[in-house]
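Hi,

Here is the structure I promised to send over. Have a look at it first, and then read on for what I found in it.

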Amino acid sequence: MYEKLLEPINSFLKCTTPDSWVDEAKKAENLPILLRDHLICELKASQSAVFLLKRYALREEGIEQLGQLVKPYEQFAHKRIGNLQTLKGKNVLLKPIKARSDCPYGQDMVDKMVLLIREELHHFYQVLEMIEDNNIHYEPIPSSRYAKGLLKKVRTYEPEALVDKLIIGAFIEARSCERFAKIAPHLDPEIGEFYLSLLRSEARHYQDYLALAEHISGQDITERVAFFAVVEADLIQSPDTDFKFHSGKPNFF
């Protein structure tokens with residue numbers, strides 16, 4: 001039932017996840033690192049969207065609203081303040097967020113990114129539920145090289161820098177979607193079903209990022225997408241000494 005959903009994603013990505021990564025991901029002893037890193041990935045996805053809105057599109061009032069929205073999740077992830085109960089239902093905004101009047105791409109970017117932020121925070125909560133249901137002790141962990149490797153290639157002038165960041169967002173969401181589908185059959189059925197349930201929203205996120213990049217660029221972005229496809233594939237296929245949700249081929253020896 002997910003084949004049609006995954007078809008454009010698999011065409012968008014230049015490579016599939018290596019079997020050696022899947023072999024590591026399905027090991028029971030690696031479930032704690034997989035879920036902890038996934039939790040942080042959900043937070044970082046929301047933080048990245050918040051950063052883009054703050055940098056390019058929002059009034060001060062909107063910046064304050066989003067800061068308050070994300071704060072409880074940041075406090076838990078980094079300082080272990082709070083718990084499932086205190087985070088329940090915290091991804092709700094009390095009033096709409098409006099774009100700055102001088103933002104040329106306007107409300108479309110705000111609406112897409114705010115929905116993404118709220119969904120990623122909800123996924124954060126769901127992953128935390130999985131962590132607790134599996135009696136895994138949560139502790140913060142360092143990031144993998146993946147996102148940093150992509151961001152190193154961002155151009156330094158506008159609006160090209162923003163276009164690059166949006167394209168990178170599309171690749172991160174698409175790769176997450178591809179990996180959810182890859183590992184779901186190999187995990188505990190409850191976790192596997194949860195990962196499959198994320199496919200639809202993650203697929204839409206990648207499409208939203210691409211649509212915004214095309215809109216803001218005002219021209220064909222095919223060449224730039226192809227550039228980042230190569231960079232992303234190299235990060236996924238090259239040896240990696242650090243096993244994480246977006247790491248490359250395991251090379252621990």
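**Ser-247 and its surroundings**

With a relative accessibility of 2%, Ser-247 counts as buried. You'll find Ser-247 in the loop between strand S1 (239-240) and strand S2 (249-250). Its side chain makes a polar contact of 3.2 Å with the side chain of Trp-21. Leaving out neighbours within four places in sequence, Ser-247 is in contact with Trp-21, Arg-179, Ile-236, Asp-240 and Asp-242.

**The model as a whole**

Before going further: this is a predicted model. The average pLDDT for the protein is 94, and 99% of the residues score at least 70. Confidence is highest in helix H11 (residues 222-237), with a mean of 98, and lowest in helix H10 (residues 199-217), with a mean of 91.

There are 11 helices and 2 strands in the protein. Reading from the N terminus, the order of elements is α-α-α-α-α-α-α-α-α-α-α-β-β. The radius of gyration is 18 Å, close to the 18 Å that the globule rule gives for 253 residues, so the protein is as compact as a globular protein of that length.

Of the 253 residues, 52% count as buried. Looking at contacts with a separation of 6 or more, 81% come from residues 24 or more positions apart.

In soluble globular proteins, nonpolar side chains tend to be buried together. Here, the largest nonpolar core has 89 residues, and the members touching the most others are Phe-12, Leu-34, Leu-53, Met-109, Ile-117 and Tyr-195. Helix H6 (residues 106-133) gives the most to this core, contributing 13 residues.

Apart from neighbours within four places in sequence, Tyr-195 is in contact with Leu-34, Leu-35, His-38, Phe-180, Ile-183, Ala-184, Leu-187 and Phe-245.

**Helix H9, one side in and one side out**

Tyr-195 also brings us to helix H9 (residues 189-197), where it is buried along with Ile-191, Gly-192 and Phe-194. These four lie on the same side of H9, because they cover an arc of only 160° around the axis. What sits on the face turned away from the buried side of H9? That face carries Pro-189 and Glu-193, which are exposed. Among the elements covering the buried residues of H9 are helix H3 (31-56), H6, helix H8 (160-183) and H10.

At the start of H9, a side-chain oxygen of Asp-188 comes to within 3.0 Å of the backbone nitrogen of Glu-190.

Asp-164 is in helix H8, and at 0% relative accessibility it counts as buried. Which side chains does the side chain of Asp-164 make polar contacts with? One is that of Arg-155, at 2.9 Å, and another is that of Arg-224, at 2.8 Å. Setting aside neighbours within four places in sequence, Asp-164 is in contact with Lys-153, Val-154, Arg-155, Arg-224 and Phe-228.

**Loops and backbone details**

A few spots in the loops are worth a look too.

- Glu-158 and Pro-159 are joined by a cis peptide bond, with omega at about 5°. Pro-159 is in the loop between helix H7 (146-151) and H8.
- Arg-80 has a positive phi, near 55°, although it is not a glycine. Arg-80 sits in the loop between helix H4 (60-79) and H5, and at 46% relative accessibility it counts as partly exposed.
- Asn-135 is also a non-glycine residue with a positive phi, near 55°. Asn-135 belongs to the loop between H6 and H7, and its relative accessibility of 72% makes it exposed.
- Pro-96 is in the loop between helix H5 (84-87) and H6 and counts as exposed, at 60% relative accessibility.

Cheers

Definitions and conventions: Residues are numbered from 1 along each chain as its sequence is written. This is a predicted model: local features need pLDDT of at least 70, side-chain atom pairs count only at pLDDT 80 or more; totals for chains, interfaces and linings use all residues. Side-chain values use heavy atoms; hydrogens and water are left out. A nonpolar core is a set of buried Ala, Val, Leu, Ile, Met, Phe, Trp, Tyr and Cys residues joined through side-chain atoms within 4.5 Å. Buried means under 20% relative accessible area, exposed over 50%, partly exposed in between (1.4 Å probe, protein chains only). Contact means heavy atoms within 4.5 Å. pLDDT is the predictor's confidence in each residue, from 0 to 100. The arc is that of the directions from the helix axis to the C-beta atoms. A polar contact is a pair of N or O atoms within 3.5 Å; within protein, one must be able to donate a hydrogen and the other to accept it, and residues adjacent in sequence count only if both atoms are side-chain atoms. The radius of gyration is taken over C-alpha atoms; the globule rule is 2.2 Å times the number of residues to the power 0.38.
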